[in-house]
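Subject: Structure handover

Hello,

Here is the structure you were waiting for. Please open it next to this email, then read my notes below.

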Amino acid sequence: MDNALKDALKAVPGVDEAVGLVRYLQYRQALRNALASEPQASDLPPPHLRYRVHRSFDIAEYVATGRDVASSISNAFAAAGPTLHGKDVLDLGSGPGRVARWLKDLHPTMRLTCVDIDDEAVSWGQEHAADIARFLRGDPHPPSAFPPGTFDAVYCISLFTHLDEPMQDAWLGEIRRLLRPGGLLLATTHGEFATGSCSEEELERLQRHGIVFRTTRKRRIKLDGLPGFYQTTFHTRNYVEAHWSNTLEVVAYLPGGIQRHQDTVLLRRPAD
Ligand SMILES: C[S@@+](CC[C@H](N)C(=O)[O-])C[C@H]1O[C@@H](n2cnc3c(N)ncnc32)[C@H](O)[C@@H]1O
């Protein structure tokens with residue numbers, strides 16, 4: 001279906017809600033199937049927690065993506081200079097540790113803290129993955145409870161892809177506070193590789209403003225179980241380089257750096 005037709009259909013009252021309901025019913029059925037077919041004792045999070053961070057029930061894909069993303073993070077930090085070995089590292093928006101598990105494998109001596117607002121994911125991590133990181137519940141809005149300069153590096157996979165601009169700016173400022181001078185932030189965005197689902201109107205807004213926070217699907221039943229502020233955001237490279245550099249220094253921008261889908265941005269807290 002072309003984008004113009006999609007836009008026209010979405011404008012018909014009730015169509016978007018109906019699409020949301022169908023998707024929800026499909027999700028419930030797929031969840032039942034996953035629960036019935038998966039082994040009970042597993043070192044993987046239960047299907048609904050995997051779905052929240054991965055949007056699929058496929059176990060092999062969940063594992064492979066976690067491993068692949070961890071390897072991309074490790075390479076991006078290494079290319080920017082410092083190794084993560086022996087460092088204090090924060091995974092902000094970690095979920096149950098899909099990526100953290102593999103990053104810890106690559107850097108066994110790093111001291112990893114995983115923070116998320118999702119109580120269930122944090123509890124699962126505390127119970128099943130305490131050997132890789134300390135899992136802590138965070139608040140949606142900064143400031144966090146950590147003292148200034150707690151971390152050498154912070155990474156946020158698929159977090160800024162879901163927050164609106166004021167929340168992003170607030171978190172960029174908070175991450176600056178949490179980083180030691182010279183410390184690095186790696187964050188991902190929905191850039192040029194990820195606009196396939198955008199409507200014509202969204203693409204136009206993206207060109208004009210450099211950022212689009214999609215709220216048109218707010219009336220749908222949320223499948224991720226996360227609060228209403230958590231929607232979908234798209235950025236242009238120009239926007240990120242111009243706007244985020246008000247808070248941190250942009251040191252690298254890798255289009256499609258995460259699975260040729262999300263862009264990777266590396267930022268540094270300048271020395272004071
Ligand atoms: C798409 S998931 C990605 C999870 C993980 N980074 C990964 O790649 O597997 C986004 C995560 O961000 C969390 N999140 C959303 N807003 C947050 C906030 N303000 N602070 C911390 N975590 C947040 C969600 O609960 C969710 O677990």
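Where is R260 found? R260 sits in the loop between β8 (249–258) and β9 (262–268). Helices (H or I, at least four residues) and strands (E, at least two) are DSSP runs, numbered from the N terminus. R260 has a phi near 50 degrees, a positive value in a residue other than glycine. R260 counts as exposed because its relative accessible area is 59%. Exposed means over 50% relative accessible area, buried under 20%, and partly exposed in between (1.4 Å probe, protein chains only).

Before the rest, two notes on the source. This is a predicted model: local features need pLDDT of at least 70, side-chain atom pairs count only at pLDDT 80 or more, and totals for chains, interfaces and linings use all residues. Residues are numbered from 1 along each chain as its sequence is written, and side-chain values use heavy atoms, with hydrogens and water left out.

**The ligand**

The ligand is surrounded by 17 residues. The closest are G93, R98, D116, P140 and I157. A residue counts as near if one of its heavy atoms lies within 4 Å of the molecule. By class, the shell has ten nonpolar, four polar and three charged residues. Here Ala, Val, Leu, Ile, Met, Phe, Trp, Tyr, Cys and Pro count as nonpolar, Asp, Glu, Lys and Arg as charged, and the others, Gly among them, as polar.

A polar backbone atom of G93 is 2.7 Å from a nitrogen atom of the ligand. R98 has a polar side-chain atom 2.7 Å from a ligand oxygen atom. In D116, a side-chain N or O atom is 2.5 Å from an oxygen atom of the ligand. Taken alone, the ligand exposes 600 Å², and the protein buries 98% of that. These areas come from the Shrake-Rupley method with a 1.4 Å probe.

**The domain and the core**

UniProt, in an unreviewed entry, lists residues 89–183 as "domain: Methyltransferase". Such annotations may be inferred rather than shown by experiment. Over residues 89–183 the chain is 33% helix and 26% strand. The end C-alpha atoms of that stretch are 10 Å apart.

The largest nonpolar core has 27 residues. Such a core is a set of buried Ala, Val, Leu, Ile, Met, Phe, Trp, Tyr and Cys residues joined through side-chain atoms within 4.5 Å. I73, F77, L112, Y155 and L186 have the most contacts inside it. Elements giving two or more residues to this core include α5 (100–106), β2 (111–116) and β5 (179–189). Helix α4 gives the most, with five residues.

**Single residues to check**

- H235 is in strand β7 (residues 232–235). H235 counts as buried because its relative accessibility is 1%.
- P142 and P143 are joined by a cis peptide bond, with omega about 5 degrees. P143 is in the loop between β3 (134–137) and β4.
- S158 is not a glycine, yet has a positive phi of about 60 degrees. S158 lies in the loop between β4 and α7 (165–178).
- E174 is in helix α7. E174 counts as buried, at 5% relative accessibility.

Best wishes

Key:
Polar contact = N/O pair within 3.5 Å; in protein donor to acceptor, adjacent residues only side chain to side chain.
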